[in-house]
Amino acid sequence: MNIELLNTTIQLENDRVLLLPFKNKRNIELKNIIFDTDIWTYMGMTMNNELEFENYLKNTLNDQDMGVCYPFLIIDKRTDQVAGSTRYGYLNTTSQKCEIGWTWYGTQFQGTGLNHACKYELLKFGFESIGFRRIQFSADENNLRSQRAIEKLGAKKEGLFRNNYIAPNGNSRNDVYYSIIKEEWNITKAENFPDF
């Protein structure tokens, strides 16, 4: 496993999407799309003002500096606009696994195929360059849109994690978990990403 790659500048790209390290001056452009409350319904946080935005930037970069995650900016190559953010998180070098998540898009970029292109690059790099044995995904049990998007990647549904996080209103929330493992990746890639 080549985990040291997560200490380098990673830039991933295909015809549809460009993934830049979150530690980039363009991260300020997230401000153009981040304040839509619909984005945060199932994210376990709110984003209502400039202070929350500044805290989001600071916390994301702090988490990266602590080795907890490797976050990316998602750039829509058709418009050259910052479309959202995603990350490798829950990095576990001992078990050679991670979770791809904390993904969000501005509403104008949702349902455009950008997510599929983004996840392909993350999965390909994760399995083929870093060498993860397991990459997992999760979505709130009520977030059917995200669950469908994860299923389109070819991820296997594993089950419900009860009281997995606490929403901003203090209520416990359940998450549905999925995974792809390295032994499945080549078949999953061929079946679910034929255009890449």
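This is a predicted model: local features need pLDDT of at least 70, side-chain atom pairs count only at pLDDT 80 or more; totals for chains, interfaces and linings use all residues.
A residue is called buried here when its relative accessible area is under 20%, exposed when that area is over 50%, and partly exposed in between, using a 1.4 Å probe and protein chains only. Residues are numbered from 1 along each chain as its sequence is written, and side-chain values use heavy atoms, with hydrogens and water left out.

Let us stay with Asp-76 and look at its partner. The side chain of Asp-76 meets that of Arg-16 in a salt bridge, with 2.6 Å from N to O; the term stands for a side-chain nitrogen of Lys or Arg within 4 Å of a carboxyl oxygen of Asp or Glu. Arg-16 sits in the loop between E1 and E2 while Asp-76 belongs to strand E3, so this pair ties together parts that are 60 residues apart in sequence. Arg-16 counts as buried too, at 9% relative accessibility.

Two strands are said to pair if DSSP finds at least two bridges between them. Strand E1 (residues 12-13) and E2 pair in the antiparallel sense over two bridges, with Glu-13 standing opposite Leu-18. Three residues lie between E1 and E2 in the hairpin that they form. E2 also pairs with strand E3 (residues 70-76), again antiparallel, over five bridges, and there Leu-19 has Ile-74 as its bridge partner. E2 itself covers residues 17-21, and five of its five residues are buried. In a regular strand, side chains alternate between the two faces of the sheet.

Rings of Phe, Tyr and Trp (the six-membered ring for Trp) pair if their centres lie within 6.5 Å; planes under 30 degrees apart count as stacked, over 60 as edge-to-face, and the rest as tilted. By this rule there are 16 aromatic pairs. One of them joins Tyr-70 and Phe-72, a tilted pair with 5.0 Å centre to centre and 45° between the planes. Tyr-70 is buried at 2% relative accessibility, and Phe-72 is buried at 0%. Tyr-88 and Phe-132 form another tilted pair, 5.9 Å centre to centre with 50° between the planes. Since Tyr-88 lies in strand E4 (residues 81-92) and Phe-132 in the loop between helix H2 (114-130) and strand E6 (134-140), the pair ties together parts that are 44 residues apart in sequence. Tyr-88 and Phe-132 are both buried. Elsewhere, Tyr-120, Phe-127, Trp-185, Phe-193 and Phe-196 form one aromatic cluster.

Now for helix H1. H1 has 16 residues and reaches 23 Å from its first C-alpha to its last, close to the 22 Å expected at 1.5 Å a residue, where the expected span is 1.5 Å times one less than the number of residues. Which residues of H1 are buried? They are Phe-53, Tyr-56, Leu-57, Thr-60, Leu-61 and Gln-64. These residues cover an arc of only 115° around the axis, which puts them on the same side of H1; the arc is that of the directions from the helix axis to the C-beta atoms. What covers them includes E3, E4 and strand E5 (97-105), with contact meaning heavy atoms within 4.5 Å. The face turned away from the buried side carries the exposed residues Leu-51 and Asp-65.

Asp-65 forms one with Lys-23, the closest N and O atoms being 2.9 Å apart, and both residues are exposed. Another joins Lys-189 to Glu-128 at 2.7 Å between the closest N and O atoms. This pair links distant parts of the chain, with Lys-189 in helix H4 (residues 182-192) and Glu-128 in helix H2, 61 residues apart. Lys-189 is partly exposed at 21% relative accessible area, and Glu-128 is partly exposed at 40%.

Note on methods: Helices (H or I, at least four residues) and strands (E, at least two) are DSSP runs, numbered from the N terminus.
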